[in-house]
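Dear colleague,

I am handing over the structure below, and I would be glad if you could look through it alongside the notes that come after it.

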Amino acid sequence: MTQMSDKMSMDILVVGGGGREHAIIKKLKESPDCGKVYCCPGNGGIAADAECHPVKATDIEGMVAFAKEKKVDLVVVAPDDPLVLGMADAMEQAGFLTFGPSQKAAMIEGSKVFSKGLMKKYGIPTAAYEVFDDPRKALDYITEKNEFPIVIKADGLALGKGVIIAKSLDEAKDGLHTIMEEKAFGKSGNQVVVEEFLTGPEVSVLAFTDSKVVKPMISSMDHKRANDNDEGLNTGGMGTISPNPHYTPELAQQAMERIFLPTIAAMNKEGRPFKGCLYFGLMLTPKGPYVIEYNCRFGDPETQVVLPMLQTDLIAIMKAVANETLGELEIKWRDGACTCVILASGGYPQKYATGKEISGLDEKGQVAGATVYHAGTKAENGKYLTAGGRVLGVSAVGKDLEEALGKSYDCVKKISFENMHYRTDIGRH
């Protein structure tokens, strides 16, 4: 356990550079205990809220050196890659109070084979599955099973895109070829999980945990498909709403008893205590909630609708998680709803152009009436330019879903860049 210094305000380093990190930074800055905020590498829009430095999110040595140079009091490791590489461990070993799971705990996202095995071993409800390291054997199994759709997942990290839902044998064959032979996701595709296709509404539940207690955040719904009517390719997420209308108090209770608490207990038994934000991707099946996936960090773009609803001081929560005193803290959420519409570059999630000038934003990269979280932007000569596939997340809070959606889409209409693409039906599916 790391001791923090006596000074009141805390200087904070946030690792990462997308919309999720922007949302974390904006919430941290609401705390009276927040001092200077650094973000590495950050982006053009984050630079309006934090001091950004070009240290790569995966550069563990460089990031530790930066934290030492700036004498920060808290480090928040937000993305999956550095967590799976062990950045939280390195920061703790260097004496920094750190929010984010250890490398051993981050394996729950770092390997689908590990997480599925964990669920099987401890009886946590999830889809039936098999693991393969040979594409021919995987195809033989799918051919023999002859049940479509069927789900094929790359074992390792793949930027949220390593999942293929094959509706036919040909699609399964193509999917296996892409992941295992073309190595579209690199070493992540050395093994695949082939699992049954579950049906029902999807729910994202992020949860704070100090490895002893679990405090779920308000639920959310992600929209993964690129186009309206849930059509097109899978993306990292084209928009979110919170709370999720399908997630009733009864289902939340079931999820706590059957999934959340058993997962934390299982990780402890495996010698991988999880401290940080654990993301549960759930499917509400006719048999109750099932786990589709775990993430070892805040989801993106779920964070952009969950944190705006948080009333409790985020710094206090992160300190409690790091110091294993989360059980002593009451976490409060506001009433109403929050929505986020992602503005993406035309062509995303495949090839897209960058460097397009964004119009409609003020000098801080914002629009009155909503909060604009910058995911892929850079600032040049007083202008904001596109610098990624997902460019902006336009979030708004309202007394209900309708009001929040109205505010988000009103603000979307004020923003433009060449080939800007967004879904017009967030919250309708």
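This is a predicted model: local features need pLDDT of at least 70, side-chain atom pairs count only at pLDDT 80 or more; totals for chains, interfaces and linings use all residues.

If residues up to four places away in sequence are set aside, Phe-260 touches Val-205, Val-214, Pro-216, Tyr-247, Ala-255, Phe-280 and Leu-282.

Turning to the rings, the count of aromatic pairs comes to 9. One of these is formed by Tyr-38 and Phe-66, whose centres are 5.6 Å apart with 85 degrees between the planes, an arrangement that is edge-to-face. Because Tyr-38 belongs to strand 2 (residues 34-41) and Phe-66 to helix 2 (residues 60-70), this pair ties together parts that are 28 residues apart in sequence. With buried taken as under 20% relative accessible area, Tyr-38 counts as buried at 6% relative accessibility, and Phe-66 counts as buried at 5%.

A further pair is that of Phe-260 and Phe-280, where the ring centres are 4.3 Å apart and the planes stand at 40 degrees, so the pair is tilted. Phe-260 sits in helix 9 (residues 249-269) and Phe-280 in strand 16 (residues 276-285), so here the parts tied together are 20 residues apart in sequence. Both Phe-260 and Phe-280 are buried. Separately, Phe-99, Phe-208 and Phe-298 form one aromatic cluster.

As for the helices, two that are packed together are described by the angle between their axes and the distance between the axes. The axes of helix 1 (residues 19-28) and helix 11 (residues 314-322) come within 8 Å and cross at roughly 105 degrees. Since angles of 65 to 115 degrees count as roughly perpendicular, helix 1 and helix 11 are therefore roughly perpendicular to each other. In this contact, Ile-24, Lys-27 and Leu-28 of helix 1 meet Leu-314, Ile-315 and Met-318 of helix 11. The residues of the contact divide into 5 nonpolar, no polar and 1 charged.

Methods:
Residues are numbered from 1 along each chain as its sequence is written. Side-chain values use heavy atoms; hydrogens and water are left out. Axes are lines fitted to C-alpha atoms, for helices over the stretch in contact, and angles run from 0 to 180 degrees between N-to-C directions. Helices (H or I, at least four residues) and strands (E, at least two) are DSSP runs, numbered from the N terminus. Angles under 35 degrees count as roughly parallel, over 145 as roughly antiparallel, 65 to 115 as roughly perpendicular and the rest as oblique. Contact means heavy atoms within 4.5 Å. Ala, Val, Leu, Ile, Met, Phe, Trp, Tyr, Cys and Pro count as nonpolar, Asp, Glu, Lys and Arg as charged, and the others, Gly among them, as polar. Rings of Phe, Tyr and Trp (its six-membered ring) pair if their centres lie within 6.5 Å; planes under 30 degrees apart count as stacked, over 60 as edge-to-face and the rest as tilted. Buried means under 20% relative accessible area, exposed over 50%, partly exposed in between (1.4 Å probe, protein chains only).
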